[in-house]
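Please look at the sequence and the model shown here before reading on. The report that follows takes up a few residues and helices in turn.

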Amino acid sequence: MARTPDLERRQELLDRIVEYLAEHGLAQATLRPMAASLGVSINRLVHHFGSKEELLATALRRALDQQIAVQEEWLAKNPRMGLVELYRRWWRWMNETPEHLSSIRLNYEAAALDPRATGLTGDVRADQIGVWRHDAEQRLI
């Protein structure tokens with residue numbers, strides 16, 4: 001009987017995977033070096049995520065969720081913030097630390113890379129840019 005993934009452990013691992021991918025990129029992402037860098041086995045990655053493609057898709061969704069949380073915090077403090085000020089905030093936030101810049105770059109890399117390099121489906125890739133496009137559309141309406 002297969003073990004059920006520990007959801008708390010999975011979430012911790014997922015956050016570390018996002019950091020790893022932001023630092024190392026998607027183009028050459030393979031499970032063996034990733035697992036070694038994270039101090040886990042390939043079997044543990046597969047146990048929690050099923051496949052490399054599912055791991056990457058889940059990590060990219062998590063990266064977007066983290067960025068949306070940053071924006072929601074800004075908007076909670078200033079609900080009437082305009083689009084121009086929001087983009088200025090993003091620019092400052094993005095350039096504040098190398099980690100922030102790497103996080104944003106990960107989204108664009110996912111959207112732009114040939115799917116044969118990453119194994120990511122079109123909808124996963126489109127979500128990386130679509131989330132920001134949708135936000136801008138809603139604010140312009």
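Asp-135 is located in helix H8, which covers residues 122–140. The model is a predicted one, and in this model Asp-135 has a relative accessibility of 17%, so that it counts as buried, since buried means under 20%. Apart from its neighbours within four places in sequence, Asp-135 is in contact with Gln-71 and Leu-86.

Ser-103 belongs to helix H6, made of residues 98–112. Its relative accessibility is 11%, and Ser-103 therefore counts as buried. When the neighbours within four places in sequence are set aside, Ser-103 is in contact with Ala-22 and Gln-67, and the side chains of Ser-103 and Gln-67 are also joined by a polar contact of 2.9 Å. The table places these two residues side by side.

| Residue | Helix | Relative accessibility |
|---|---|---|
| Asp-135 | H8 (residues 122–140) | 17% |
| Ser-103 | H6 (residues 98–112) | 11% |

Ala-22, one of the contacts of Ser-103, is also among the buried residues of helix H1, which are Leu-13, Leu-14, Ile-17, Val-18, Tyr-20, Leu-21 and Ala-22. What covers these buried residues of H1 includes helix H2 (31–38), helix H3 (42–49), H4 and H6. Helix H1 itself has 18 residues and reaches 25 Å from its first C-alpha to its last, which is close to the 26 Å expected at 1.5 Å a residue.

How are two packed helices described? The description uses the angle between their axes and the distance between the axes. For helix H1 (residues 7–24) and helix H4 (residues 52–77), the angle is about 85 degrees and the axes are 9 Å apart. Because angles of 65 to 115 degrees count as roughly perpendicular, H1 and H4 are roughly perpendicular to each other. On the side of H1, the contact is made by Arg-10, Gln-11, Leu-14, Asp-15, Ile-17, Val-18 and Leu-21, while H4 contributes Leu-55, Leu-56, Thr-58, Ala-59, Arg-62, Ala-63 and Gln-66. Sorted by class, the residues in this contact of H1 with H4 are eight nonpolar, three polar and three charged.

Just after H1 comes Gly-25, which takes a positive phi of about 85 degrees. Gly-25 and Asp-135 are 110 residues apart in sequence, and from C-alpha to C-alpha they are 25 Å apart in space.

Technical notes:
Residues are numbered from 1 along each chain as its sequence is written. This is a predicted model: local features need pLDDT of at least 70, side-chain atom pairs count only at pLDDT 80 or more; totals for chains, interfaces and linings use all residues. Side-chain values use heavy atoms; hydrogens and water are left out. Helices (H or I, at least four residues) and strands (E, at least two) are DSSP runs, numbered from the N terminus. Buried means under 20% relative accessible area, exposed over 50%, partly exposed in between (1.4 Å probe, protein chains only). A polar contact is a pair of N or O atoms within 3.5 Å; within protein, one must be able to donate a hydrogen and the other to accept it, and residues adjacent in sequence count only if both atoms are side-chain atoms. Contact means heavy atoms within 4.5 Å. Axes are lines fitted to C-alpha atoms, for helices over the stretch in contact, and angles run from 0 to 180 degrees between N-to-C directions. Angles under 35 degrees count as roughly parallel, over 145 as roughly antiparallel, 65 to 115 as roughly perpendicular and the rest as oblique. Ala, Val, Leu, Ile, Met, Phe, Trp, Tyr, Cys and Pro count as nonpolar, Asp, Glu, Lys and Arg as charged, and the others, Gly among them, as polar. The expected span of a helix is 1.5 Å times one less than its number of residues.
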